[in-house]
Amino acid sequence: MDITRRRLLLLLPAAAVAWNYVQAGTPEASPNYKLSEHWWAMLIDIPKCIGCGSCVRACAEENDVPEGYYRTWIERYHVADWKIEKPDVESPDGGKQGFPPNEELGGKNFFVPKLCNHCADSPCTQVCPVGATFVTPDGVVLIDKSYCLGCRYCVQACPYGCRFINPKTKTAEKCTLCYHRITKGLTTACCEACPTGARQLADLKNPKDPIHEFLRTHNVQVLKPHMATGAKVFYNGMDGSVR
Amino acid sequence: MFKDIEHLVRLAVVIAIAVVAFVVLREAVVPRSFGQYGHYRGAAIAETAARPVAFAGHDVCEGCHSDVVDQKKQGKHVVVACEACHGALAKHADDPTSVTPAKLDTAILCARCHEANSAKPKDFPQVVTADHSGGLACDTCHQPHKPKIESQEKTAAGGKK
């Protein structure tokens, strides 16, 4: 095909549009999502948790969590009548396959699902020497995999034990609050899979979110409040023995 | 004064070159989006958000399976999202003909939630499966989308309490 002046003139605008697209890079997955309009949190209703492990399995599937590592896990507490300050806590395989029966134990027994608390004043992001982990403007603690050195400072700094080093990538890993889902208007994988509604994603900046009514009318607590981490995973009905 | 200024000039040139080299290198090495929102690479936020989803979400399921939704509305399992039992099925939602969900084994699946455990809430329906069904698949008697057994159906199926 000969390039005539006419054809060239027709081609030029198309080429300009294509070049513009190349320069702009991949379009964002969620163009309507505004960082400044959200402040993410989670609500965990302990009296509703049945320890089925659906959340742990869903998290592993959604996020390719390596076998033997957990971004979320369930603990079973057994508080004997005579030692409330020293409860027995177990979490076999992170609670992924549920828990064996313990009918004979007596005392107080309950489940506590755990995950990254997405602290507003997180100790883990403060110790990172290279700026590979950070609190996003919408309140989620994320890790920049391509920047992480794998130095493990953050793993030690997290008072909740929520971080680990991925054995394959050798970089730090943790719950992202399913950032790839919540920015698309979906709930997290664990909340989606929870059959009893014990886990609820919450947006504290959304005035219509039922979390506000819940927080007003219930006695909620965060884990380790004395550490002033600004944890945003709120627990309803949490026993004082929970660590 | 400044009789032998030459060596000072030479030093100034070396420092100037070093400063320029530092500025140029810094510009080349530090990612464009570093510092956009704080002391980190701003582009990392979009990169994390770009991951594909595995769980489609029950709204997507309900778009096609309205018959199951109607059935679930009649029972307690109305609050349970589809993928809580059926597993992550975003691939099925994207391509319903070639990716089909696997058949579930109710003997294992139902027990994960309903097997008796003292740590479960007291008002949650629980059974000791060994006594209750003796290893029989739960869907022999129960319809998982509407689990309560109606009295007529019970007699028709010859089931016992």
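1. Start at the end of a helix. A:Asp64 follows α2(A) and has a positive phi, near 55°. Helices here are DSSP runs of H or I with at least four residues, strands are E runs of at least two, and both are numbered from the N terminus.

2. The basis is a predicted model, in which local features need pLDDT of at least 70 and side-chain atom pairs count only at pLDDT 80 or more, while totals for chains, interfaces and linings use all residues. Residues are numbered from 1 along each chain as its sequence is written, chains are lettered from A and ligands numbered from 1 in the order in which they are written, and side-chain values use heavy atoms, with hydrogens and water left out.

3. How many residues of α2(A) are buried? Nine of ten, so the helix is mostly covered. Buried means under 20% relative accessible area, exposed over 50%, and partly exposed in between (1.4 Å probe, protein chains only). Among the buried residues are A:Ser54, A:Val56, A:Arg57 and A:Asn63.

4. The cover comes from two chains. Chain A supplies β2 (72–79), α5 (179–182), α6 (189–193) and β9 (199–203), among others. Chain B contributes α5 (82–86) and α7 (106–114).

5. A:Glu62 deserves a look. This residue sits in helix α2 (residues 54–63) of chain A. A:Glu62 counts as buried because its relative accessibility is 1%.

6. Which side chains make polar contacts with A:Glu62? A:His180 does, at 2.7 Å, and A:Arg181 does, at 3.1 Å. A polar contact is a pair of N or O atoms within 3.5 Å; within protein, one must be able to donate a hydrogen and the other to accept it, and residues adjacent in sequence count only if both atoms are side-chain atoms.

7. Contacts of A:Glu62 (heavy atoms within 4.5 Å) also cross to chain B. Leaving out residues up to four places away in sequence, A:Glu62 touches B:Arg51, B:Pro52, B:Val53, B:Ala54 and B:Phe55, among others. On its own chain, the list includes A:Cys178 and A:Ala189.

8. Now the whole chain. Chain A holds seven helices and eleven strands. Along the principal axes, the C-alpha atoms of chain A fill a box of roughly 95 × 40 × 35 Å. Of the 243 residues, 52% count as buried.
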